[in-house]
Amino acid sequence: MRDQAVPRVVAKLLIPYILLYAFYVQWHGDYGPGGGFQAGVIFAAAIILYALIFDLRTAQQAIRPRVVGLLVPLGLLLYIGVGIATMLKGGVFLEYGVLEHDPVHGQHLGILLIELGVGTTVAGVMITIFYGFAEAVSDR
Amino acid sequence: MIDNHLPILQILLPLVAAPLCLLLRHRVVVTALAIAVTWVTFAVSVALMATVLQQGPISYELGGWPPPWGIEYRVDILSAFVLVLVSGIGAVVATWSPASISVELPRYERHYLFYCAYLLCLTGLLGITITGDMFNVFVFLEISALSSYVLISMGQDRRALTAAYSYLIMGTLGATFILIGIGLLYIMTGTLNMADLALRLQDVADTRTVIVAFAFLIVGVSLKMALFPLHLWLPNAYAYAPSAVTAFLAATATKVAVYLLLRFFFTVFGYDFSFDRMQLWIVLMPLALIGILTASLVAVFQNNIKRMLAYSSVAQIGYMVLGISFASVSGLTGGVVHLFNHGLMKCTLFLAMGCIVYRCGSVHIDEMRGLGRRMPWTMAAFVAGGLSLIGVPMTVGFISKWFLVKAALEQGLWPVAGVILFSSLLAVVYIWRVIEVAYFEEPLAVDGQGPVREAPLSMLIPMWVLVAAIFYFGVTTELTAGIAQQAAASLLGVVP
């Protein structure tokens, strides 16, 4: 759809704001509606829109499949890592309160990091699934 | 400090190792990591077992939230027993697997994906067993199921894809039914913790919602454990999956579903509701008996030996459910101990099949002519597993059948005891077919590649560890039958 002016211009205008909104949902998740899963999906939607309007190869040059593949395990490891950190600090698995001196701050930090892990993995998985199907179609 | 964290370490170790496999990617490193992690996981489960035997049930509060609100991991004697089986089989099969998957997954250059899915599947199965939270059961059920669909679809044969697909459909149906059951219970009680649920259910046990939830859970769990007539996904899935996957899943996945059956109907609903009011045995016993007979009969006519063993697995699930349907201490002991024993012997048999696939490329019965001479150690292990399947004394199979027949006779059910003995004869028939071909026929003509050789030691040693276990637990029963008896007594709420 690269040759169609309206979708191209609109996509170019919108994609930065979609990404920004993804980060808003990500970091605001513990105060309002949202969180890691939704943020990951919105982030991935922006990349998928880019790949649909321009083409798959251009999108893959910007967001390399190899990097996306790394996001999936890294997000999960971040999540588990927070749990292990709380265990090392003397709490039980995922007991965020022990992360900081003030348990309330600890809860905030813990949930923020966990949601970041979720967001990373979800975005990675969504983009990987899209790349997988899109490559299979474009090879045909 | 580490003692307190044992329940979470049981899940955490394979769960951390799975994404690490994706990051490391190097074949030797990933294989070594998987083997090391599975053995440490096994050690953790043995430590849990020892702790439970000394101090009674262990509870672990995730995130520091106390039980009815937070997720609780609860290890009692039954779950510790199943954890030891699952993690032990996981470790043995992982050790056995490198040579096998290098031959069976040639299209998959990236073996790290195999180990990633394998470790996730192990995580899921262990999680189902360890958790004391109903919704957590469903989450882990999905983790283990999704990764096992991936593992099965890696089979060489293209039919592995359809087998994995039909397992996906049936497995998803089963999981959905379980989820609906859990949801209905949650509506009625407002709690997901199993122990809390058991208390609160007593007030609302008369409502139709609870009865419907009960029915949904029966069907869901029966689908997952391949109870006749819901077993149709199993034979193809086991026959076309890579050998390592078949050996792992056959010994663990359906066993964990049997564990869920026990957990739901004895711990959550309780004996009085499940067996006195709902008469669960009226459903379970006939299905178990028909399953034992028909699946054994069908097994006799299979020429693909992996498929034959898969049908035999359906029959063996029947034995476990039969033991449970007696709802007596000796019946439950038979069911629980058979869960463990069948895991050992079926894993041995499928590992032997894997060795044959490694050398001959097929497990069709015609390919096995004269293998008794060509691969003496592999076939000897097969014979050991087969004897145990039949129930010959000195093997584990004898122990489980002893308890089952005893339980049947206690209740005066002579025909049921007769069915157990008759189906053992059917097992003699289908095991003998293989032995006859392997030991009493001339080896196949050699076509240029030199004669078939014995499987490598890296495969033989793990397999023979299981053979040793078959005979060890067939003679010394304090550990297996003793623990199963305690588990049965605690499920029924009686003092042993």
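How are H2(B) and H3(B) oriented to each other, roughly parallel or roughly antiparallel? In this predicted model, H2(B) and H3(B) are roughly antiparallel to each other, and the views below begin with that pair.

**View 1. Helices H2 and H3 of chain B pack against each other.** Two packed helices are described by the angle between their axes and the distance between the axes. Here helix H2 (residues 27–55) of chain B and helix H3 (residues 77–104) of chain B meet at an angle of about 160°, and their axes lie 8 Å apart. Because an angle over 145 degrees counts as roughly antiparallel, H2(B) and H3(B) are described in that way. The crossing of the two helices, H2(B) and H3(B), is left-handed.

**View 2. The residues through which H2(B) touches H3(B).** On the H2(B) side, the contact includes B:Ile35, B:Trp39, B:Phe42, B:Val46, B:Met49 and B:Val52, while the residues supplied by H3(B) include B:Leu83, B:Val84, B:Gly88, B:Ala91 and B:Pro98. Sorted by class, the contact of H2(B) with H3(B) has 15 nonpolar and eight polar residues, and no charged residues. An α-helix has 3.6 residues a turn, so residues three or four places apart point the same way.

**View 3. Helix H5 of chain B, residues 134–153.** This helix has 20 residues, and the distance from its first C-alpha to its last is 29 Å, which is close to the 28 Å expected at 1.5 Å a residue. Since 14 of the 20 residues of H5(B) are buried, H5(B) is largely enclosed by the rest of the structure.

**View 4. The side of chain B that touches chain A.** Across this interface, 13 residues of chain B are in contact with twelve residues of chain A. The elements of chain B that give two or more residues to this side are helix H1 (6–24) and strand S1 (58–61), and the largest share, seven residues, comes from H1(B). By class, the side of chain B that touches chain A has nine nonpolar residues, three polar residues and one charged residue.

**View 5. Chain A, a chain with five helices and zero strands.** Followed along the sequence, chain A shows the pattern α-α-α-α-α, and its C-alpha atoms fill a box of roughly 60 × 30 × 20 Å, taken along the principal axes. Of the 140 residues of chain A, 36% count as buried. Among the contacts in chain A with a separation of 6 or more, 63% are accounted for by residues 24 or more positions apart.

Notes: Residues numbered from 1 in each chain as written. Chains lettered and ligands numbered in written order. Predicted model: local features only at pLDDT ≥ 70, side-chain atom pairs only at ≥ 80, totals over all residues. Helix = DSSP H or I, 4+ residues; strand = E, 2+ residues; numbered from the N terminus. Buried ≥ 20, exposed ≤ 12 C-beta atoms within 10 Å, placed from the backbone. Contact = placed C-beta atoms within 7 Å. Nonpolar A, V, L, I, M, F, W, Y, C, P; charged D, E, K, R; others polar. Expected span 1.5 Å × (residues − 1). Axes fitted to C-alpha atoms, helices over the stretch in contact; angles between N-to-C directions. Parallel < 35°, antiparallel > 145°, perpendicular 65-115°, else oblique. Left-handed = near helix turned anticlockwise from the far one by under 90°.
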